[in-house]
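This report looks at salt bridges and at the parts of the chain that they join. Please have the sequence and the model at hand while reading.

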Amino acid sequence: MTSNVSSTGSQFLSLHLLETLVAVLPVRDENGAPKSIVYGGTERHMITSQARRRAERVHTRDRANAGLGALAGHSTGVRTREWALITARALTAAHGWEEEEAVRTARAVIEATGLKFGDPGKKTVANLTKVLLFAPADAGTRIAAHIDEQAETVRAWTEEYVAAQTAVAAAAKAKKDARKNGGQEEPSADETPAADAKLPAVPAATRAAVLTALAPRDAIDIALYGRFLAEIADSPNVDGAVQSSHAFTVHEAEQVDDFYAAADDAKLDRKKNALDFLDAADDAGAGMTGYQSLITGTFYRHAVLDRLRLRRNLQAAGMTAQEAEEASVAAEAEFVTAFVDAFPEAKKNSTASTGSLPALVLAFEGERPYNYAAAFQAPIDENPLDKDGEGPAGPAAVKRLLKHHAFVSRRRPDIQTGRVLTYDPQIDELLGTLKDTGAVTVASPVELTA
């Protein structure tokens with residue numbers, strides 16, 4: 001199997017990371033509370049893989065678009081519900097179409113290709129697809145170019161499509177109203193449009209153009225993180241090359257509900273400069289008060305890159321074997337960098353969470369993925385007065401993780417080229433005292449990958 005991967009080594013690159021976060025809230029549940037799981041008989045804080053994956057994907061995309069890093073100049077994707085609006089903007093800006101016609105045409109073309117849109121009666125969602133679609137960033141530009149090139153045909157079809165759509169909607173409304181009127185007979189076919197009227201199919205060439213524009217093509221982040229699009233049966237889905245786990249605390253969860261009070265600047269300024277008794281005696285309370293939950297802890301998280309899948313995804317998108325090899329090496333370097341550096345941006349201004357650096361990153365190669373969550377099934381006890389206490393969670397977790405890795409490595413001969421990176425001087429000193437870690441120390445994320 002590895003003969004089809006590359007000269008970089010085994011098929012799978014496993015990454016394991018420990019990070020200590022203080023008074024943050026990077027992800028919340030539907031009630032605004034921190035997410036948690038029960039593991040090893042105790043509740044743990046959890047940061048979902050979805051939040052981390054998006055942060056990594058955006059980090060990679062922004063660096064590539066800015067001309068930074070190994071993927072500078074490579075194509076990337078955009079995940080949005082606004083493809084009709086993006087296409088319409090390209091029609092108006094690049095081809096001179098009127099805005100109203102551009103939006104109507106773009107929506108009709110994309111909808112007839114298979115994507116469902118929001119309720120036409122609600123302006124906020126009328127031109128948004130019901131699902132987020134991850135597609136190459138230039139998809140809207142390419143669809144717009146085809147629409148303008150085939151303007152006469154597409155315009156005629158759009159008028160027919162919109163008219164038929166209006167008739168179908170009117171028929172459906174008439175039947176609904178009839179049912180609501182408690183047993184009244186439904187309108188006859190002569191009185192209302194036929195409810196079973198069919199919408200005209202989009203021209204074959206236009207449908208092919210839309211599918212080609214929305215196809216993953218050479219967007220590196222789609223090849224890395226994958227895409228699932230059930231709405232269009234003949235649009236290719238992508239099984240991503242990256243697998244990610246949810247992060248969880250290596251110890252029991254600790255949460256604080258932080259009470260906050262926000263001052264009303266205008267009221268305080270008026271009181272400060274009061275010239276009469278009423279102004280001086282104004283309500284002394286805060287302008288607004290509330291609570292926000294914050295979490296603190298040392299988290300373990302894991303991800304794995306399937307190098308073979310990444311190369312196959314890029315070749316399926318149209319790259320030659322050599323192009324896919326070069327792009328994959330660059331993508332691997334950027335993925336590792338994003339895994340280390342990227343952080344969800346929720347509450348970033350009030351918690352400075354995005355400035356966090358990992359205490360330890362462990363990377364190694366193997367013929368299968370390896371998840372070391374089991375090293376923390378028994379929660380770390382930080383209590384120094386407890387006879388079983390292990391001390392601060394950060395160093396204790398490093399010891400556990402590397403001990404677990406050394407133990408597994410002795411029993412799995414496919415594990416090789418282990419590397420560790422730390423940004424914590426205390427952990428760096430600790431690494432110097434550990435005899436058998438199964439890994440060598442490196443100084444940058446780039447060195448974590450072969």
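## An exposed arginine and its partner

Arg-410 counts as exposed, because its relative accessibility is 55%, where exposed means over 50% relative accessible area, buried under 20% and partly exposed in between, with a 1.4 Å probe and protein chains only. The model is a predicted one, in which local features need pLDDT of at least 70 and side-chain atom pairs count only at pLDDT 80 or more, while totals for chains, interfaces and linings use all residues. Residues are numbered from 1 along each chain as its sequence is written, and side-chain values use heavy atoms, with hydrogens and water left out.

The side chain of Arg-410 meets that of Asp-436 in a salt bridge, at 2.8 Å from N to O; the term stands for a side-chain nitrogen of Lys or Arg within 4 Å of a carboxyl oxygen of Asp or Glu. Asp-436, at 45% relative accessibility, counts as partly exposed.

## A buried network

The structure holds 18 salt bridges, and a network of them links Glu-19, Arg-52, Glu-56 and Arg-301. Because Glu-19 lies in strand E1 and Arg-301 in strand E9 (residues 288–306), the pair ties together parts that are 282 residues apart in sequence; strands (E, at least two residues) and helices (H or I, at least four) are DSSP runs numbered from the N terminus. Both Glu-19 and Arg-301 are buried.

Glu-19 also meets the side chain of Arg-52 in a salt bridge of 2.8 Å, N to O. This pair links distant parts of the chain, with Arg-52 in helix H1 (residues 49–65) and Glu-19 in strand E1 (residues 12–24), 33 residues apart. Arg-52 is buried, as is Glu-19.
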